[in-house]
Every structure is written in structure tokens, then in C-alpha cells.
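Here's a quick briefing to read alongside the model. Have the sequence and the 3D view open, and let's walk through it topic by topic.

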Amino acid sequence: MRQFYLCPKKRRGARISKIYIELLQILYIIGNKELLLWRFFMIGKQIRLERLINRDTGTTVIVPMDHGVTMGPINGLVNIKNSIQKVVDGGVNAVLLHKGSVDAGHRRSGKDVGLFLHLSASTMLSPDPNQKVLVCSVEEAIKLGADGISIHINIGAENDGQMLKDFGKIGKDCSEWGMPLLAMMYTRGEKIENEYDVEAVKLAARVASELGADMVKVNFTGDVESFRKVTEGCSIPILIAGGEKAKSTRDILNNIKMAMDAGAKGVSIGRNVFQHVNPTNFCKGVSALVHNKYSIEQALQIIGEVV
């Protein structure tokens, strides 16, 4: 029956039904657009993430070179372009830089390498070096060609509340732009007696997971058993930090091997890489250990330190 022959009350009901159906159709279209946008940004994040890791193993070797802001032109970072060239020749998956080093470090030839842009900063001369502030944005990082974003949070520092707030903002921006987010999570401050304590490191890793990071960098706790507690309580890939300059190459490799056995997915090591006597060979050895499960002795042979 056509709507023209309906009584006024029925015609009004039919019109409302039609409007309701049209409204549902509009909402469905909008919903699909949002779903398409979500899928669009998710595939963008996945593509970028695969530039930062080994796609076949899901593991990664990252060399942070952000130390210039904190410590100045220290040994190994005086010439950033040469330093990057050495680690890229060693087969690392990504380097991590501040925004001002991107152009200086862009080699314009040779093998490509993933790029994390670091957004956090403080200096060793700051009243509180543990107080990290944001010095760059996700949008700036995208314009500079970054594949991923990195931030530094010191849990336990006097202003860790502000750093966590910044984490939330950067996490939201990364989600909106489809940018992978690496959270460097350390436990530092008056309440922290030992930043390598498993309970502290477990908390730091879990915070990164809960707040939306895609991977997290934490201190290694010293042995397989304790570090497994860290990896079991965190739903995102965990990378270990290199820490202070190590006494020997074997010590570094031993820590990496134990961390990987405990479930870590790679390393983010700075000074122990670029201050090594042979950064290129060292990166080759670490990459073989992380990606191909080489033994420590095999890695040492690649590095050229077998006695």
C-alpha cells in the first residue's frame, strides 16, 4: 500500500520509520568510515613497525644516540653521521635520534635504517636530570621522516606525574597518526634504592604496556629467572637497556643472551655500542645473537674478540 493512502497517523509513523532507517544508514556509513580510518592507521603503524624490527623474527637491535643532549659530544658521538654509518654497516634495525640530528645523520646513500625520533630531554646540568620534558611532537617527527617515536619516563622521580601525563598525550597522538611508540622506562628517584630490582622493573614495564606503548625498554635485572617475571607481566615486546659502559664485550653479550632466554625481544643499547672499539663488528655480533640465536662464543667470533 502506498504511503498516500495511509491515514495521517499511519503516514506519520511511516515517515518516522523511513527517517529512522535513513539515520541508521548514515550511522552505518560513518561507522564504516571510522573503521576504515582505523584500519588505515593500523596498517600504517604496522608498516612503520616493520622498518624497526626484523620482520621474520619479531626481534630488534636499536642503537640510541640521543646522549648529546644529556651529556654533550661524548666519545663515539662527536661525528653523528660517521657513528650512524658504523652501526648501519653492522646491520642494526634502527637508530634513535633527537630532531636536530636527523639531517646531520642522514647519509643519503648506502643501506637504509629505521629511525626513532626521541621526544624527551634533560641535561646533566639540569637541577633535576631525572625530570624529562617534551622537546618535540609526533607531528614534527612525521615531517622529519621518523618511523617511530621514543619517550623517556623516570618512574619515581619527583615529577613523574607530569612525565606520565606526557606519556598519555604522546600515546594518543601516536595512535591517531599510526606511529609506533617505544617507551624508555626507568625507575629513578628518592624512593628507588635499586633501579635494577625486579619489582621496580616489573612495574616500569607494566606501566608502558598499560599506557599504550608498542614496545618498552627497561633495565636488565641480572638473571634469567628474575627477568622472566618482567616479561611475563608485560603484554608488549621488551627490550633491554645497555646501562653504563660495560667492563667487557662478553659481559654485554651474556646479559643479552640471558634477557633473550627470559623472553626479551631485543636490545636498545647506546654507549656500549658506539663507544666500542669496533662498533660495526659489535653490531654484527649482537644482531646474530638477537635474531639468529647465536651463542656468545659465536657472537664473539664475529666481533673478533675470541682469544
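A residue counts as buried here when its relative accessible area is under 20%. Valine 230 comes in at 1%, so it is buried. Keep in mind that what you're looking at is a predicted model.

**The chain overall**

- The protein chain is built from twelve helices and ten strands.
- It has 307 residues, and 45% of them count as buried.
- Take the contacts between residues at least 6 apart in sequence: 66% of those join residues at least 24 apart.
- On confidence, the chain averages a pLDDT of 90, and 86% of the residues score at least 70.
- Residues 1-10 are where to be careful, with pLDDT below 50. Beyond near neighbours in sequence, that stretch has seven contacts in the model.

**Valine 230 and its surroundings**

- You'll find valine 230 in helix H8, which covers residues 224-232.
- What does valine 230 touch once neighbours within four places in sequence are left aside? The list is Val198, Val201, Lys202, Ala205, Thr221 and Ile238.
- Glutamate 199 is 31 residues from valine 230 in sequence, yet the two C-alpha atoms sit 8.3 Å apart in space.

- S9 runs parallel to strand S8 (residues 215-218), with three bridges joining the two.
- If you want a landmark for that pairing, look at valine 218, whose bridge partner in S9 is isoleucine 240.

- How many of the five residues of strand S3 (residues 114-118) are buried? Five of the five are, and the strand is described as mostly covered.
- Gly114, Phe116 and His118 point one way from S3, while Leu115 and Leu117 point the other way.
- S3 pairs with strand S2 (residues 94-97) in the parallel sense, over four bridges. In that pairing, leucine 96 has phenylalanine 116 of S3 as its bridge partner.
- S3 also pairs with strand S6 (residues 148-155), again in the parallel sense, over three bridges.

**Helix H3 and its crossing with H11**

- Helix H3 (residues 80-89) and helix H11 (residues 279-292) have axes that come within 7 Å and cross at roughly 35 degrees.
- The crossing of H3 past H11 is right-handed.
- From H3, the residues that meet H11 are Lys86, Val87 and Asp89; on the H11 side they are Pro279, Thr280, Cys283 and Lys284.
- By type, the residues of this contact split into three nonpolar, one polar and three charged.

**Serine 83, also in H3**

- Serine 83 lies in helix H3 too.
- Is serine 83 buried or exposed? Its relative accessible area is 7%, which is under 20%, so serine 83 is buried.
- Not counting residues up to four places away in sequence, serine 83 touches Met65, Gly76 and Leu77.

Methods:
Residues numbered from 1 in each chain as written. Predicted model: local features only at pLDDT ≥ 70, side-chain atom pairs only at ≥ 80, totals over all residues. Heavy atoms only, no water. Axes fitted to C-alpha atoms, helices over the stretch in contact; angles between N-to-C directions. Left-handed = near helix turned anticlockwise from the far one by under 90°. Contact = heavy atoms within 4.5 Å. Nonpolar A, V, L, I, M, F, W, Y, C, P; charged D, E, K, R; others polar. pLDDT = per-residue confidence, 0-100. Buried < 20%, exposed > 50% of the residue type's maximum accessible area, 1.4 Å probe, protein only. Pairing = 2+ DSSP bridges.
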